[in-house]
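Colleague: I have some questions about the labels used for this structure. Could we go through them one at a time?

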Amino acid sequence: MAEPVGLFTDTSICIGCKACEVACKEWNQLPGNEPQFRDSFDNTGQLDAQNWRHVKFIERMPEENMTVGNGQAWLMMSDICKHCTHASCLEVCPTHAIVRTEFDSVFIQQEACNGCRACIGACPYGAIGFNEDTGTVHKCTMCYDRLQNNMTPACAKVCPTQSIQFGKLADLKDKADARLATLQRQGNSKAQLYGRDDKIYGGLGAFFLLMDKPEVYGLPDKQNAVLPRRNNAGGYLGALLTAAVALFAGAIALRRNGSPAPEETQTVDRSTDG
Amino acid sequence: MAEHFVQAPQWHWYILFYFFLAGLAGGSYTLATMLRLFGADRDQAIARMGFLIAFPLAVICGILLTVDLGQPFRFWHMLVNTTPGEGGPSFKYWSPISLGSWVLLLYSIFTFVSFLEALRNRTSRASAGVRVFNVIGSILALFIASYTGVVLSVSNQPVWSDTWTLGALFLASALSGSAALLSWFAESRSETNGTKRRLLKADGYFALLELALIVMFFLTLAGAGTLSVALAGPWSIIWILVLGSLMLPIAALFRNRKAYDRATDATMRLGPAGSFALIVIAGIFLMRLAIIFSAQSS
């Protein structure tokens, strides 16, 4: 297995140019959706089968007149599949179509996917979309074909500010730590790394430097970064207890000498024979 | 409070009808087995009906699941690992869809054998061997009737993943709907009047259980902060109808003559004698509708 590689997205220097979106579509031959004219600079909307990179524009216009220190109008974040170490999509996929590659990225085998869409409901980041034309689900592959040829993923290659960086995960973590220290020295107390350590899904193959809390960017915090399988035990146990109670009650009701009293018989007959 | 940033899997009408019919298939087989084990000779005609309907319902379930896939001709990928270099069976016990695919296959075989047995055996009571076979089939039937709720919960969707009650709720409602359905069949013959009464009594117990689980469902959602999603817009009206449909079997159980007469008088105006069963079955359908669609429309 090759050394794990990944993407580090530093949102503090994202300028919202969307070059990453364009490069991703070009390389992966994604025709894209019809443009959406929204009340925002964001005309992509969300990650889906056509958008494997999505530059989020989080508008935070100050309520009072702008003064020094409160002029931050937007947070921008180039969003992507997080290639989680503990991936919800991979966990629920019943066909083994979603696999972990030799680069530690998460990849959907198009030939194996049968379009059940369980992964869409499981991905906590909304990173997977269903394509009606192919009948399968799609998401970022971290440019698996480029990785196999020792090339940088298209989004990182094209990013003009190096907000998106590609490399060995260990190296990227060092860079992220250094950048965070710089920002905190400059007084950005809310700056934080997301997915750099194992608290979020065991660590993310695509991790971020954020300028505010994760939920501001539409990312679950560590309390909410939970795997679908957590509900297996409760779900089955609840059903098992219900089955036990129902079978007991059913046996009482259906046993051959368990007929209702004449009074009830009369009532029920009135209702159903009518 | 739970936070969700997930997208909807677009599980709509095929899945709704699958969940609905899987409940009736599983519930009918289970109740038919119970009538065989605990019932009188006169009950065996309705037990036979239960086995006769379970198999076609299971077949329809398989078809619905298949046509819902984006690639229906790859339905067998649920059972066979097609990853190059791996192969072999595709089985993940922690994925309810994977587990359910195998159990549904196995259950279909059981319902098919029981279907043939019910066709052949018109009058006599089943042998001990057949009863054991039915008991094993009932375990699979109970799984089929309930695992669909667990499929929803094992996700990160709002509502679905915020409660442990869905598997239990789907099971209780499946048994209630199946008891109503079989009581409807029993209604057409005078010799099965006793069977009908016992099925209606069982329905009352199942409806009580379902009501308790609906309360638990709402409480768990309130704790997670997603109750407003489940009750948004039209869904609150659907839930009122669901609760209304439960009142009929519960009123019958408690011999509340006044409430029961009022309810049955109202249903009689709908026409068919099976309106009691229709209302109960409509209730379990609407409950699944509200749960499946509300979470995906948030």
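**Labels and the values behind them**

Colleague: Start with a contact. Which residues does Gly225(B) touch, leaving out those up to four places away in sequence?

Modeller: Gly225(B) touches Met1(B) and Ala2(B). This is a predicted model, so a contact here means C-beta atoms, placed from the backbone, within 7 Å.

Colleague: Why is Gly225(B) called partly exposed?

Modeller: Gly225(B) has 14 C-beta neighbours inside 10 Å. Buried needs 20 or more, and exposed needs 12 or fewer. The value falls in between, so Gly225(B) counts as partly exposed.

Colleague: And Leu254(A), why is that one called buried?

Modeller: Leu254(A) has 24 C-beta neighbours inside 10 Å. The cut-off is 20 or more, so Leu254(A) counts as buried.

Colleague: Where is Leu254(A), and what is in contact with it beyond its neighbours within four places in sequence?

Modeller: Leu254(A) is found in helix α7 of chain A. Its contacts are Met34(B), Leu35(B), Phe38(B), Gly39(B), Arg198(B) and Ala202(B).

Colleague: How many residues are in contact between chain A and chain B?

Modeller: 62 residues of chain A are in contact with 71 residues of chain B. On the chain A side, α2 (88-92), α3 (118-122), α7 (230-254) and α8 (262-273) each supply at least two residues. α7(A) gives the most, with 17 residues. The chain A side divides into 27 nonpolar, 26 polar and nine charged residues.

Colleague: What are the ipTM and pTM scores?

Modeller: The model scores ipTM 0.92 and pTM 0.91. For chain B, the mean pLDDT is 91, and 92% of its residues reach 70 or more.

Colleague: What makes the radius of gyration of chain B agree with a compact globule?

Modeller: Chain B has 298 residues, for which a compact globule would have a radius of gyration near 19 Å. Chain B has 20 Å, which agrees. Its C-alpha trace spans about 60 × 45 × 30 Å along the principal axes. Of its residues, 56% count as buried. Among contacts in chain B with a separation of 6 or more, 75% join residues 24 or more positions apart.

Colleague: How many helices and strands does chain B have?

Modeller: Chain B has ten helices and zero strands.

Colleague: How do you know that the span of helix α1(B) agrees with its residue count?

Modeller: α1(B) runs over residues 13-38, which is 26 residues. At 1.5 Å a residue it should span 38 Å. Its end C-alpha atoms are 37 Å apart, which agrees.

Colleague: What makes α1(B) largely enclosed by the rest of the structure?

Modeller: 20 of its 26 residues are buried, so α1(B) is largely enclosed.

Colleague: Last one. Why is strand β10(A) called mostly covered?

Modeller: β10(A) covers residues 206-210, and five of its five residues are buried. Ala206(A), Phe208(A) and Leu210(A) point one way, Phe207(A) and Leu209(A) the other.

Colleague: Which strands pair with β10(A)?

Modeller: Strand β1(A), residues 5-10, runs parallel to β10(A) and is joined to it by four bridges. There, Thr9(A) has Phe208(A) as its bridge partner. Strand β9(A), residues 192-194, pairs with β10(A) in the antiparallel sense over three bridges. Leu193(A) has Leu209(A) as its bridge partner.

Note on methods: Residues are numbered from 1 along each chain as its sequence is written. Chains are lettered from A and ligands numbered from 1 in the order in which they are written. This is a predicted model: local features need pLDDT of at least 70, side-chain atom pairs count only at pLDDT 80 or more; totals for chains, interfaces and linings use all residues. pLDDT is the predictor's confidence in each residue, from 0 to 100. Two strands pair if DSSP finds at least two bridges between them. Two residues are in contact if their C-beta atoms, placed from the backbone, lie within 7 Å. Ala, Val, Leu, Ile, Met, Phe, Trp, Tyr, Cys and Pro count as nonpolar, Asp, Glu, Lys and Arg as charged, and the others, Gly among them, as polar. The radius of gyration is taken over C-alpha atoms; the globule rule is 2.2 Å times the number of residues to the power 0.38. The expected span of a helix is 1.5 Å times one less than its number of residues.
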